[in-house]
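Here's a walk through one structure, sheet by sheet and helix by helix. Have the viewer open as you read.

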2 protein chains.
Amino acid sequence: MPDKSAATLYFPDEPVQPRLVSPFRGPKTVKSLESLGEIYDTRAAYMVCDYQHSIGNYICDADGNLYLDVYAQIASIPLGYNNPALIEIAKSPEMIDAIVNRPALGNFPSTEWEQILREGLMAAAPPGLDKIWTALSGSDANECAYKAAFIYHRLQQRGKGVDFSDAEKTSTMLNSAPGSPDLAILSFEKAFHGRLFGSLSTTRSNPIHKLDIPAFKWPKAPFPALKYPIEDHEEYNRKEEDACLAALAKIIDEWNGTIAAVVVEPIQSEGGDNHATPYFFQQVREITKQKGVLLIVDEVQTGVAATGTFWAHEQWQLPSPPDMVTFSKKFQAAGFFYELDDLRPQQPFRQFNTWCGDPSKALIARGIVKEVKDKDLVAQTARVGDYLYNALAELQTKYPAKMSNLRGKGRGTFIAWDAPDVDARNQFLLDMKAVGVNIGGCGAHSVRLRPTLVFEEKHADLLVKAIEAVFSK
Amino acid sequence: MPDKSAATLYFPDEPVQPRLVSPFRGPKTVKSLESLGEIYDTRAAYMVCDYQHSIGNYICDADGNLYLDVYAQIASIPLGYNNPALIEIAKSPEMIDAIVNRPALGNFPSTEWEQILREGLMAAAPPGLDKIWTALSGSDANECAYKAAFIYHRLQQRGKGVDFSDAEKTSTMLNSAPGSPDLAILSFEKAFHGRLFGSLSTTRSNPIHKLDIPAFKWPKAPFPALKYPIEDHEEYNRKEEDACLAALAKIIDEWNGTIAAVVVEPIQSEGGDNHATPYFFQQVREITKQKGVLLIVDEVQTGVAATGTFWAHEQWQLPSPPDMVTFSKKFQAAGFFYELDDLRPQQPFRQFNTWCGDPSKALIARGIVKEVKDKDLVAQTARVGDYLYNALAELQTKYPAKMSNLRGKGRGTFIAWDAPDVDARNQFLLDMKAVGVNIGGCGAHSVRLRPTLVFEEKHADLLVKAIEAVFSK
């Protein structure tokens, strides 16, 4: 273990192990939830948290329990709780300005906005993508990307400089074609792209996310169901991926020019940490290019250094970049990167809203980019991820009935495995809390690891020890 | 003019009038926009702003011009630029915690979250609405309200405690009925409710907001086109409103139980500051009640004290409250208030997303509520609004060819009028900048006033003087 790792530098006072002073959901938590529940929906709440006493990789609950946190606010805490570098940014005059004078960025950007973007989000832009649109959440980012795709698609059909027809202008006010065309975004089975009305129509992870909500009748393509470890099942996996690619091409053809974009996650996260190989994604890029369909890569959960590269799709070695890459979560800021000029609508006020993002979040994102670079956290996540994966692989060998389909090798700390079934998985998540680890699930019966970027070998050791304690119980 | 008005208290150093040192869009602004434009869409940008040198009701641009600002970031700056009370909140330990430890509120709310809500947003909840869901923007708030409405609608049909059918669970993964039912939200002509896919389907303000974007085929009802001043055309206006109400009732019947909610703005803002009388809204409430349709009042732009009451719909004196009231903009935080238990889905993870709002914005909202109460800014806005309206009414009499349909009497500073046509309106907005006033338009050819809540009689005097200078040019 390195002596001066990032987490040690940040958090000299981080505890050496979890500290449990009450059962999970102790009396103060229960009382808090009851009272909060009068005015606010708490039925998805796991804990009530004392963030001021959370530190680094440890989250503190209302009862004073300190849990090792490998869920990190649904994968959205980048540098640990109360990171001193981010605290300095939060105290800065720029932040105070951004909070009290929140601008409508589309109409009245600040004199600092360009510098904040260039030194922050743009300094971490995926290779080949040199422009940005900012938003507020992952769903918002994806929907803005979808809007850009639809506007782009119609621009190619209509031709540049051609005005809208009267029929378009009249019909769109009635929500009808041709002004509101029946175009589509294609997503994959088990995908998750958000919960607003457009993004939810591309989400396919779980019925409970979608039931009772009207949806656009957009198509889905099958996503490869690979055998793990991926490298031990090359022939099977290639066949599976080729079948999915053929289906994708067929659906695009069948939809006859009405699919504006394909959206895909590098690793399907909410849907169960489903992986595909670089070959699959290279072919998706190739098919979309051939068929004149845009490719949107949704890096809301995979982005910002968690997978051992800054962006997960960098590992695909694409010959040409995705058309848009969306981000949120660990960046606190949200939005999408792009390259093509035509993804910026020809007329103003089409990609637009009151705030168009939030400088206070972009300032934090700038700090995150700086820390990731200064502390070389991409390399750290890759290194710690390998270390953790190897230890978990040993556990899998030892407890094959409790852990299978371990996955995420070479993908940083973005690691998951399957429990035998949903009940066993849910019990495991509870049992882990009883030994001091906050951990999350995904898909039908998977366990996913989403630690911060300052998760080290010493934390991995504690995690593996805790899992073994639960398995051997 | 009172000696110790709110703005005087806040901003002893506010300038006494605009200060122009270069033409509108001077050399530094032009250079800034060119450079920012390489990476970020600037084609809707009016100015580049120096927020650190903006103060109170004055906005400073990159060239050092100080404009009296009666647009206030599209109606979203509540208490003036660099308000000292908000600066204190921005510096507070709670704010720093909220920024560096942003929680996933649905899963891991903080120990302080209840208090922040109760002392802040809930302390300003509309009468009768005692629960809240938090979001990130006006569009997001409206879409969350729409989701609540659809889930509620299906719950009433399905019955409580009845599980989803297999057909529902299967079909929703295909975006099809019965799981993804073809239900609708009804909105009004010229309405604006946002720009995400669901909210955009209820927006009817301008084709440019909607063109090329697929839409749900949801219906619209006519919104009254009243004659102003409203009180001088009672008979005409009542007839117009009755016709619209009859049309509304007819459309709901024709849609045969598939309309989950009606959404309406108290004053249609983007669509042209179109007013209706309390009678109209009372009848809308009555019709929706009778027909078992929910009523969502969109107070994203009208809310938070601008209209002379905290919420504009308080002026309707409804016998029973709206089912949901949405908010954003001046509150910085966003979301919706509600009363009915059934608007909270029976199962967790249906109304849900990663962040479910943002405590840093809720902290600012708490500060805004406190300042509005402490400084009695609702009364101030009502008083200053009356003062301003009367002065503008005189101008209208003097310049009838340049200003007509003055409206917003008794609605605080939420005042608008019509220019002769779109070109005259746009020229007027530019001419006003040339005399030092930042002012906005709406609808086809209207001018709208959206000053902050710390706008005083002395600012109204400057504004009226500037308008007259432009009119008499």
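What follows is a short tour of some strands, helices and contacts.

## Ground rules

This is a predicted model, where local features need pLDDT of at least 70, side-chain atom pairs count only at pLDDT 80 or more, and totals for chains, interfaces and linings use all residues. Residues are numbered from 1 along each chain as its sequence is written, chains are lettered from A and ligands numbered from 1 in the order in which they are written, and side-chain values use heavy atoms, with hydrogens and water left out.

Helices (H or I, at least four residues) and strands (E, at least two) are DSSP runs, numbered from the N terminus. Two strands pair if DSSP finds at least two bridges between them.

## Strand 6 of chain A

Start with strand 6 of chain A, residues 259–264. Six of its six residues are buried (under 20% relative accessible area; exposed is over 50%, partly exposed in between, using a 1.4 Å probe and protein chains only). Strand 4 (residues 184–188) of chain A runs parallel to strand 6 of chain A, joined by three bridges. In that pairing, A:Ala184 has A:Ile259 as its bridge partner.

Strand 6 of chain A also pairs with strand 7 (residues 294–298) of chain A, in the parallel sense and over four bridges. There, A:Val263 stands opposite A:Ile296. To get from strand 6 to strand 7 of chain A, the chain goes through helix 11 (residues 278–290) of chain A in a right-handed β-α-β crossover (with the strands pointing away from the viewer, the path from the first strand over the helix to the second runs clockwise).

## The seven-stranded sheet in chain B

Over in chain B, seven strands form an open sheet in the order 3-9-8-7-6-4-5, with mixed pairing. Its edges are strand 3 (131–135) and strand 5 (220–221) of chain B, each pairing on one side only. Within chain B, strand 7 (residues 294–298) and strand 8 (residues 324–327) run parallel and are joined by three bridges. B:Val297 stands opposite B:Val325 of strand 8 of chain B.

Past strand 5 of chain B, in the loop between that strand and helix 10, you'll find B:Ile230. B:Ile230 is partly exposed, because its relative accessible area is 23%. Leaving aside its neighbours within four places in sequence, B:Ile230 is in contact (heavy atoms within 4.5 Å) with B:Asn237, B:His275 and B:Thr277.

## Two helices side by side

How do helix 10 (residues 234–254) and helix 11 (residues 278–290) of chain B sit against each other? Their axes (lines fitted to C-alpha atoms, for helices over the stretch in contact, with angles from 0 to 180 degrees between N-to-C directions) come within 10 Å and cross at roughly 20 degrees. That makes helix 10 of chain B roughly parallel to helix 11 of chain B (under 35 degrees; over 145 is roughly antiparallel, 65 to 115 roughly perpendicular and the rest oblique). Residues making the contact include B:Leu245 and B:Leu248 of helix 10 of chain B, and B:Phe280 and B:Val284 of helix 11 of chain B.

## The four-stranded sheet in chain B

Chain B also has an open sheet of four strands, ordered 10-11-14-13 with antiparallel pairing. Strand 10 (404–407) and strand 13 (440–442) of chain B are the edge strands. Neighbouring strands of this sheet are turned by 25 degrees against each other on average, direction ignored.

Strand 13 of chain B is joined to strand 14 (residues 446–448) of chain B by three bridges, and B:Gly441 has B:Val447 as its bridge partner. Helix 13 (residues 377–398) of chain B lies across strand 10 and strand 11 (416–418) of chain B, running at about 175 degrees to strand 10 of chain B.
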